[in-house]
Amino acid sequence: MEQLKEILTPALFAGMIRIATPLALTAIGGTICERSGIVNIALEGLILIGAFISVVVSYFTGSAWLGVLGAIIVGALFSLILAYFSINLRADQVVVGTAINIFALGATGFLTDFIFKEAGATPGVAGLNPIKIPILCNIPWIGEIFFQQKPIIYLTFFIVAISQFILFKTQIGLRIRAVGEHPRAADTVGINIYKIRYLAVTISGALGGLAGAQLALEEIRRFVEYMSGGRGFIALAANVFGKWTPIGSWLGSLLFGFAQALELRLGIFKIPPEFVKMIPYALTIIVLAGAMGRATAPAAIGKPYVKD
Amino acid sequence: MKTDIRDKEKNIIERKNKNKFKDNKLSKTLLPMLVPIGMIFFSFFVGAIIMLIFGYDPIQAYVSLIRGAFVGNFNITQTLLNSVPLIFTGLAVAFAFRCGLFNIGAEGQLYLGSLASTYIATAIILPAILHVPLILIAGALAGGLWAFLPGILKAKTGSHEVITTMMMSWIGVFLSSYIIRNILKDPRTDLPVSKTIYKSAELIKIDKILPIPALKGTRLHIGFFIAILTALLIWYILKKTTIGYEVRAVGFNPYASEYAGISIGKNIILALFISGMLAGLAGSVEIAGLHHKLWDRYSAMYGFTGIAVALLAKNNPIGVIFAAILFGATQAGGKSMQLDANVPVDMTDILEGIVIFAVAAEEIIKMFIRAREKRRLAQIGTT
Amino acid sequence: MENLIKQREILKLENITKAFPGVLANDRININLLEGEIHAILGENGAGKTTLMNILYGLYNADEGKIYLDGTPIEIHSPKDAINKGIGMVHQHFMLILQLTIMENIILGKETAKGGILDMNSAEKVVKQYSEKFGLHVNPKAKIMDTSVGIQQRVEILKALYHGANILVLDEPTSVLTPQEVVELFKVIKSLTAKGMSVFFITHKLEEVVAISDRVTVVRDGRVVDTRKTKDTNKVELARMMVGRDVVLTVTKDKVEKGDVVLNIKNLEALDYRNLRAINGVNIQVREGEIVGIAGVAGNGQAELEEVLSGLRKAHKGNIYFKDKDITHISTRDRLRMGISHISQDRLGRGLIVDFNITENIILGDHDRKPYANGLILNFTSILNETEKLIGEFDIRTPSPFLPVHSLSGGNQQKLIVAREFNREPDLLIANQPTRGLDVGAIEFVHNQLLKFRREKKAILLISLELEEIMSLSDRILVIYEGEIIKEFKSSEATKELVGYYMMGGEKKKINHEEMRA
């Protein structure tokens, strides 16, 4: 009981929110992308690129916010490769995604070496600091969990809500969903499939880049090779868990965030660190296997649209 | 009257057949080779542009890459040594692909294979004739097991293997870290490395059995031959056996396979199991043939490079051998490229990524060929 | 008569030409549409009707030719252009999104929205308004996946109207309907034209042309044969124009002695993918030398029945006996081995592996037994011999047995399936829509093969949506409705109207007999 009290603190839940943030951003990107019918395996690489760009920009301008902006823009631009290959060239989306991941790994390593003349990691840079929301931050528990966080975390709350709204309550959202389910039907009522899919892929790229910036500028304040650490894939599982909805994706991400936040506090139980590190990955498998039966993916997912 | 027309038609078809078979011969032997070669050149060309942009000298870089990969006995054997695990992981990815599955967790399966082999190779002493096969079998089974779970999950729940194999891969990497540091640990050092394996568990060096002067004193071991034999075996299984037939049938069209009495689930599980075994063997052969001990995180991303190998080889087991040697050479040469031309060694990853892009884009060329073929057939005669 | 003279030419297609790889789908087609008329376009499968309409709707671009609307030339490059010009199309395969509601489907592309935010209240209002106006009643909030085919067709028509169509193209609109639903649809079409709409009605069924159209244009091999006023022509003439020769509209069936019961289905129940009962207490017997036809509207349990019989779907209750042996819980593979062959309605999805070559498709299902394999090893010599034998016997037109099946024509693909399934030497054949999407020649071929099989005293269970096919081939006809066999006919007793009546549910649904006679 005493031990439990020691673990279940506001700090644990604050950690959950923090750790869930890059996953949630990526998962929502994945949701929007897959809702339009494109599988985005490349999210892993997009996080990596976002992280790297944010660090480079922050390093040279001294402004972390410009770093965030750079990460969003470059993430979006990079995702255009996925869009072009899978929409125009009708290539296998999983293969293209893998190419982007490997390329991103190589490119970020290459540029780390080229720019900083160091292998493996960059020097530290200006990051983003926590912002305490006046008054609210003093509420016991709630304040510490929600209102003493860093800026991109706040931004994420907003993104969760707005993306849910866009996907289900707006014109463009209806069109994205239609295109992912039955592109030909959408085509016959005059919707431009390519445009919608480009838009969805680009949004996912921007969100992936933002996720990378969050990791780099709010968490470790530098770039380390392969720092994405499988988050792109975990995010895809969170998206399946959330039945392809932004709020569901966020909840799925919180589940992972909780597991990982817990792992930081499990030292008490003397579990070897290697096993603690396995938790999110094992959880992903369990969540995916459990969620798969209940949820159906968009019908046209992974299939290129051929307009005769 | 009617038969007359049909005879004429038949004649025309036969004549066209002859022509068709003629250019078939050409397209059958030459084209499949030309396309990947073209893609390699394309990738290196794009790589050169990237180097130019960043102010490196691509010519110098590629010269030193080629020198580092192929000039001198040491470099050549290094290339071949690099290719050994890549042949296995390439086969692993290719085999799963043939069943329509994307095994991107070969890295973890490789570690599991390494673990099992290292364990058998350090725990017991046996005559080499038994010990070596035993560690290979152990490695293959361990790797197979690691892909078996994603197989079961795919078959039973539909969980996408891209995510599950990837997650299992991470778990495998951490598990092997733990076991190396805590169970197999070499007590004589603080480094994260296992005990050295017994002599009886080592794969023989090639210079011990073949009197090739060029190989004298090199580390090239019979694992290279084992890899090639495995590739031939996989080719045979895919092409000539009912197992391969079913795996390919499920890969192309699971619904039709099911309708013809072929179990989708069984073949998914089997294909991932065999795929995992091949990746596990990569680990076994690395330990028994080259390193003789298991270092934490020793794999140079062989599992991921295996994806590029398989894709470049278009999942053809024989093609895998050549693609693996190419990437083995790139990795061997990459180091001298860094030393001589100052190009960061990550350039080799970039090249790998571009190769996969080229493969992805190649599907379009295929589509054009298919459309052309269809057109020609439509002209030959349909009912 | 006077009416026609007064009518204005609203649309004209001039010299429309479109080539696909290897085929000239439309060859200088000229056709016009008068305001308020129903203009049937009659032709066989593959004659080029749908291609022509897809060009009109902007899904394809014509290689040559012009389109005039009200006398002015217009350019249509996309469905959007067509919609803007007041052209609407109901496709043969509905363009509806199953997961969305009826009103979402209707407004898609021209959403009721304020500043990009959907306004579903006005959507509902608008849909109701259109429903009222045209007598097409739907529940705007229902999801498409929960609605019947008939309702879905209404939604398609409503969608076209909502998007502002005054020219409506209906592509084979009756193919999924019962005779009674067809009557209902014809009423709707007539009321639309009464309100000033003009309709292109695409079909390959002669009766429909006669029943509904004002004028008819017959298309064959991509060319217009002729355009006539419907009342100045007749079925026989139209049939000749459509096929290019005199056609015998009936199949000749020999008398075959019936033998023992081969397939005996007892009280079978099965669930669909949503775990709802799809087959409910079905009893069917098929004897040697007998073709038993299952007639019914799509979605009444036919697909599930086929799957249960082939072993792909579990029987929930009841038993299936094959030659007195209970096979209810036996795998697909073992059923094949016992002598049950099946032809799926889904040729490319279930019947073939299109990336495999012909030899590989010939052995599918028998690939692991003699003569194709010795143990685990495939025997390529016998595979090739057998394939070449079947290519000859079944007249499969191909330059090589090693050709991937996706490069064969539909007819040849189906011949390949028939060859494979008969080559197993089965005692029972389960055929679900074996002639779907085939041209007349290939249909004839498949029908003759089925009759030959019957002459050999084998048993056939024929499931088909084509009532004519069922009626001309079967010895007995069973009508399936909502998963139940609600009526049995001897082939001599069956009439189209009667069978159609039961396809709609018969007494179960108390259909108005007046409507039937109409």
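1. In which helix of chain B is B:Tyr259 found? The residue sits in helix 11 (residues 254-259) of chain B. This is a predicted model, and the points below should be read that way. B:Tyr259 counts as buried because 25 C-beta neighbours lie inside 10 Å, and 20 or more are needed. Setting aside neighbours within four places in sequence, its contacts are C:Ser310, C:Leu312, C:Ser344 and C:Arg350.

2. Chain B overall. The chain has 15 helices and zero strands. Of its 383 residues, 54% are buried. Take the contacts in chain B between residues at least 6 apart in sequence: 78% of them join residues at least 24 apart.

3. Chain B against chain A. The contact takes 37 residues from chain B and 37 residues from chain A. On the chain B side, the elements giving two or more residues are helix 6 (128-157), helix 7 (161-182), helix 13 (302-312) and helix 15 (347-380). Helix 15 of chain B gives the most, with 13 residues. The side of chain B that touches chain A divides into 27 nonpolar, six polar and four charged residues.

4. Helix 3 of chain B. The helix covers residues 58-70, 13 residues in total. At 1.5 Å a residue it should span 18 Å, and its end C-alpha atoms are 18 Å apart, so the two agree. Its buried residues are B:Ala61, B:Ser64, B:Leu65, B:Gly68 and B:Ala69. They cover an arc of only 130° around the axis, which puts them on the same side of helix 3 of chain B. Just after this helix, B:Gly72 takes a positive phi of about 95°.

5. Helices 10 and 12 of chain B. The axes of helix 10 (residues 242-252) and helix 12 (residues 264-291) come within 10 Å and cross at roughly 110°. Helix 10 of chain B is therefore roughly perpendicular to helix 12 of chain B. Helix 10 contributes B:Glu246, B:Val247 and B:Val250 to the contact, and helix 12 contributes B:Ile264, B:Asn267, B:Ile268 and B:Ala271. These residues divide into five nonpolar, one polar and one charged.

6. B:Ile180. This residue belongs to helix 7 of chain B. B:Ile180 is buried because 26 other C-beta atoms lie within 10 Å. Beyond its neighbours within four places in sequence, B:Ile180 is in contact with B:Lys185, B:Pro192, B:Val193, B:Ser194, B:Leu294 and B:Asp296. B:Val193 is 13 residues away along the chain, yet the two C-alpha atoms are separated by 6.1 Å.

7. Backbone points to check. Most residues other than glycine have a negative phi, and most peptide bonds are trans. A:Trp244 has a positive phi, near 60°. It lies in the loop between helix 11 (231-241) and helix 12 (246-265) of chain A. With 22 C-beta neighbours inside 10 Å, A:Trp244 counts as buried. B:Asn315 also has a positive phi, near 60°. Its place is the loop between helix 13 and helix 14 (317-341) of chain B. B:Asn315 is partly exposed, with 19 other C-beta atoms within 10 Å.

8. A cis peptide in chain C. The bond from C:Lys370 to C:Pro371 is cis, with omega near 0°. C:Pro371 lies in the loop between helix 13 (358-362) and strand 19 (373-374) of chain C.

Conventions. Residues numbered from 1 in each chain as written. Chains lettered and ligands numbered in written order. Predicted model: local features only at pLDDT ≥ 70, side-chain atom pairs only at ≥ 80, totals over all residues. Helix = DSSP H or I, 4+ residues; strand = E, 2+ residues; numbered from the N terminus. Expected span 1.5 Å × (residues − 1). Buried ≥ 20, exposed ≤ 12 C-beta atoms within 10 Å, placed from the backbone. Arc of directions from axis to C-beta. Contact = placed C-beta atoms within 7 Å. Nonpolar A, V, L, I, M, F, W, Y, C, P; charged D, E, K, R; others polar. Axes fitted to C-alpha atoms, helices over the stretch in contact; angles between N-to-C directions. Parallel < 35°, antiparallel > 145°, perpendicular 65-115°, else oblique.
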